[in-house]
Amino acid sequence: MELKDAEGWAKAKAANTDPYGGRVISYAEDWANFMERDMAAGATLEACAQRTSREADTDGITGFMYGAAVATLARVWKHGEALRRWHNLKTQMHDEGERANASGGVLNPALMEIREK
């Protein structure tokens, strides 16, 4: 995984030694490595991110874990900004992804919509 912020990655790893946080870190690292593998073979991040996210998820991560992985990679990974932008547009329901992209934020994918019958 090519880092743009090795110190930030080390801090994230050091802060997430429990099983839940540790899985976020290992998932993020696996996912980044899988995307880099596919991009080295000619794929764009947008073309491989969804599939490789499932490939890296070997044990059923939660939506919150996925979002935490995106936020972590956005800060420390060489391709993190492109991932953040892709994620926000993929996750948006209206225009909140565009607003998050403009502000530098990451949308929380662990949302639930409740509708009346």
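**A walk around helix α5**

His87 is found in helix α5, where helices (H or I, at least four residues) and strands (E, at least two) are DSSP runs, numbered from the N terminus. A word on the ground rules: this is a predicted model, local features need pLDDT of at least 70, side-chain atom pairs count only at pLDDT 80 or more, and totals for chains, interfaces and linings use all residues. Residues are numbered from 1 along each chain as its sequence is written, and side-chain values use heavy atoms, with hydrogens and water left out.

Back to His87. Its relative accessibility comes out at 0%, so His87 counts as buried; the cut-offs are under 20% relative accessible area for buried, over 50% for exposed, and partly exposed in between (1.4 Å probe, protein chains only). Leaving aside residues up to four places away in sequence, His87 touches Tyr66, Val70, Val106, Leu107 and Pro109, a contact being heavy atoms within 4.5 Å.

Arg84 also has its place in helix α5.

Helix α5 (residues 80–91) packs with helix α6 (residues 96–103) at an angle of about 160 degrees, their axes 7 Å apart. Axes are lines fitted to C-alpha atoms, for helices over the stretch in contact, and angles run from 0 to 180 degrees between N-to-C directions. That makes α5 and α6 roughly antiparallel to each other, since angles under 35 degrees count as roughly parallel, over 145 as roughly antiparallel, 65 to 115 as roughly perpendicular and the rest as oblique. On the α5 side the contact is made by Arg84, Arg85, Asn88 and Leu89, and on the α6 side by Gly97, Glu98, Ala100 and Asn101. Sorted by class, these residues divide into two nonpolar, three polar and three charged. For that sorting, Ala, Val, Leu, Ile, Met, Phe, Trp, Tyr, Cys and Pro count as nonpolar, Asp, Glu, Lys and Arg as charged, and the others, Gly among them, as polar.

What about α3? Helix α3 (residues 45–56) and α5 pack at an angle of about 70 degrees, with axes 10 Å apart, so α3 and α5 are roughly perpendicular to each other. Leu45, Glu46, Ala49 and Gln50 of α3 meet Ala82, Leu83, Trp86 and Lys90 of α5. This contact of α3 with α5 has five nonpolar residues, one polar and two charged. Ala82, at 33% relative accessibility, counts as partly exposed. The C-alpha atoms of Ala82 and Gly8 are 74 residues apart along the chain and separated by 18 Å.

Finally, take a look at α2 and α4. The axes of helix α2 (residues 19–40) and helix α4 (residues 63–76) come within 9 Å and cross at roughly 60 degrees, so α2 and α4 are oblique to each other. The contact involves, among them, Arg23, Tyr27 and Trp31 of α2 and Phe64, Tyr66 and Val70 of α4. By class, the contact of α2 with α4 has 14 nonpolar, one polar and one charged residues. Asp59 sits in the loop between α3 and α4, and the side chain of Asp59 makes a polar contact with the side chain of Arg23, at 3.0 Å. From Asp59 to Ala40 it is 19 residues in sequence and 26 Å in space, C-alpha to C-alpha.

Definitions and conventions: A polar contact is a pair of N or O atoms within 3.5 Å; within protein, one must be able to donate a hydrogen and the other to accept it, and residues adjacent in sequence count only if both atoms are side-chain atoms.
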